[in-house]
Amino acid sequence: MTEVRRTAAASASLWERDEEIATITGAVETLCADRSSAGTLLVARGEAGLGKTALLTETRRIAEARGCTVWSARGGETLRSVPFNVVRQLLQPALVSMLPEEAREYLGDWYDIAGPALGIADPGERQADPQGVCDGLVAAVRRLARREWPLVLLIDDAHWADQETLRWLAALAERLDETSVLIVVARRPGDVVGDSARHLDAVAAAGRPLAPLNALTPEAAAGLTRATLGHHADAAFCREVWAVTGGNPYETVELLAKVQDSEMEPVEAQADELRALNRSARGGGLVARLEQLGVDSTRFAWAAAILGGGITVAMVARLATLDRDDAARCAELLCNARILTEPDPGAPQPDAGDLEFVHPLIATAVYNSIPDALRTAMHGIAAQLVTDSGLGAAAASRHLLQVYPDDDPEVVEQLREAAREHLAVGAPDAARRCLERALEEPPLPDMHARVLYELGCATLLTAPATTIGHLRTALALPGLDGEQRVNAVFRLSEALLHNDQLEEAVRTVQAEAGRNPDPSVRLRLQAVQYMWEGIHPGETSSPGRSERLAELAATCTGRDNAERALLILRGFDAMTRGESAEEVAELCDRALVNGRLAAGLGWTDTEWGLELPMMLANCYAYTDRLDRAEALFTEALSSYETAGWSGGHLALALAHAYVGLGHRRRGRLREAEKSLRESLRLAERVGRGLPLYWSATCNLIDTLLARGHVDEARSVADRYGFDPPYPSTIVLPDPRPVRARLLLATGRTKEGVNELETAEKAAAARGRHNPVVHPWATELARALATEDPGRAARLVTDARRQAERFGTDTAIGEALRCAAALETGQRAVRLAAQAVAYLEASPCQYEHAVARVEYGLAARSEAELRRGLALAQSCGADGLAARAGEALAAGHVG
């Protein structure tokens, strides 16, 4: 039989791992060869004990030999509920080694967003956006990779990593082409469910798998046995080593260490004793061996297993109720017994203590050996020790989650405080667990509703459907009074809105307004009701709503936010109904304070939500006050990015959508397309079918059609399901005319006409007569010009009347342009010239370009066509530019 030998570089646990080591060596060489190279992710999978940790240790040796910076971290079975635990292990050492000013300068705008999650900055008072924090952590790695190049990151036991770390790792894996770093992840197959499993799957999909780690062959086990015990170990003994351990490298190494400790001769006559010796290394055998070390050592090991990470002799002594000398003696005994060991000095961790378990299998066995009742009690004591040590409620919460409910108000308060800390660093799932556990305690009756309210707020940004149930229950219980009850009603209605249950949102605030005796509270709730009704395109608003809203707004001077909200709502209602644009702008101006959003009505303020400033900005966008609209949209984007709201909820995606709308209205079609595609990318994180998704899709298709990219517009519509039924909230611009324009552009004329007639009925039912927001009349007139010229003419006449009522240059110019398209001869030329005159004064340069080209064609004017061509090119309207260019080339001029 040929004896398998290990390579000189390999440790005992790396037998038969030459292929994996070669892959790792190649990845390190690639990283070191080019500072601008794309990153690499390697994933090692294998069951417990098959050598994953040894492979990572060998990776460290190889990388450090090539001059790489190596950081490592490890998941822990009992630490999965600790948010950002593993990513903190990885990144915190480098950042805490900097001066605070240096770290802030180095991370720049990401410092206040990612710093609290990494434990290097105090969290703010506002609830952090999980996606923003995740993006900040990705940015931190990118910057650190440039600073520390060549950088290697090692993550062991990723199947036990916390969910927040796995989310970050999946996001980083998607962007490795931008980050020159080598990441090696080791994990067991299975052992993960839910979001954590999804994130790990994404990591695996983005990475390159190493060869599956398998058990040692009999030949390798024999080689390892002889390398450890001496070449005189006989074949029968070596075969029994393999049979007893199943070729598991970890168990083989441990068994051979015990053979050495017992001074057993490696001969066939002693082989029968191997099985009993192996049992002592795991499970019940390990527990028995632990008990043999004495009661104090057992208590010490139990306390270490409860702490899980950062095992210091002092902390363990306090938890195990041992004095310092006895604790030090126990630590030494457990190290000699290969249960505990000192941490690897080459792999510093921010929370590293004096000791760690030799292997996760041992840690798990020790933890599971603690009697259930005692384990629960020890977690309770550990929670108090962590709190007394000044580590905060969040750090103690993982222990409190394991304590039996016992009607303890203090535990409820600790869990509520922990939830606030988790939310402040961007870990809402951890906050949810704390508040759900607080409800099990349970809270005192007068606190129960408040805990439910806090639970609802914790899930509002990420799970509107879950929020609804919590807040409804909270409002049905006593305990929510005054402003807190009003806030709960508002947040419930907001969650209903984002869950596409707008009618229920309206009924909820309407009912609360009807039973609240406080006039100021009723005014606020009425404003919220009108706000939700105002963005609803259906027929469910209360009778006479616009009239009552106008009457209320007429009495408002803008002295407080309720009055300012009503002014904005009245302005938005008047804008969508096509009333005077001058009056709309005057209402909106009165809602501002020195030309700016009032405190409490800002983009990131939660008292009123983001809908009001969006309505305000849209009023300006559609009344030709584009400077003000763009300033507000840009402010929104900046506010959300500064706050780190990167898409864990709706805000930033909406901001990009409306920045795109601003570009589209201005005629900057290339910039509009870029912003709208980014909005859709962020919207994907939230989920399809929500109003946000429709806004981004509708505006992108509208922009692509304006650019003349019909095939791409059709592709986007197919990809994102741009078809009826439409959402229950208003989308700007109206999606029906946009979809009709797409149908007409692709030759589906009858379907396009049907869609426009549906749009006509929907607009009439709600009095939506703004011809810019709801341009169904001009689109339908063009579609019917040949088939039914009489109806087309009537439609154009009505469109001109509505445009003149609204009064903007854009509305009147577009109506005149449509009228010109239905005429011939000199009348067509005169109308086209009038359209150009209005649209030249309008800020909407794309519409001006179209009017200029159409005027040039009608008048057969080379000069006008060339001016139209130049405008179309500057807007990025490729189809229009091609049309003008072809006319010039064909000589269709006078």
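Okay, one definition before we start: when I say buried, I mean under 20% relative accessible area, exposed is over 50%, and partly exposed is whatever falls in between. And keep in mind that this is a predicted model.

Most residues other than glycine have a negative phi, and most peptide bonds are trans. Here are some places in this chain to look at with that in mind.

Let's begin around β3. Going from Trp 149 to Pro 150, the peptide bond is cis, with omega near -5°. Pro 150 sits in the loop that links α6, residues 130–148, to β3, residues 151–156. Now go to the loop between β3 and α7, which covers 163–174, and you'll find Asp 157 there. Asp 157 isn't a glycine, yet its phi is positive, near 50°. Buried or exposed, then, this Asp 157? Its relative accessibility is 3%, which is under the 20% cut-off, so Asp 157 counts as buried.

Where's Pro 725? Pro 725 is in the loop between α35, 710–720, and α36, 735–745.

Last stop, Arg 860. Here's another non-glycine residue with a positive phi, near 55°. Arg 860 is in a loop as well, the one between α42 (845–859) and α43 (862–875). Relative accessibility for Arg 860 comes out at 44%, so we call Arg 860 partly exposed.

Note on methods:
Residues numbered from 1 in each chain as written. Predicted model: local features only at pLDDT ≥ 70, side-chain atom pairs only at ≥ 80, totals over all residues. Heavy atoms only, no water. Helix = DSSP H or I, 4+ residues; strand = E, 2+ residues; numbered from the N terminus. Buried < 20%, exposed > 50% of the residue type's maximum accessible area, 1.4 Å probe, protein only.
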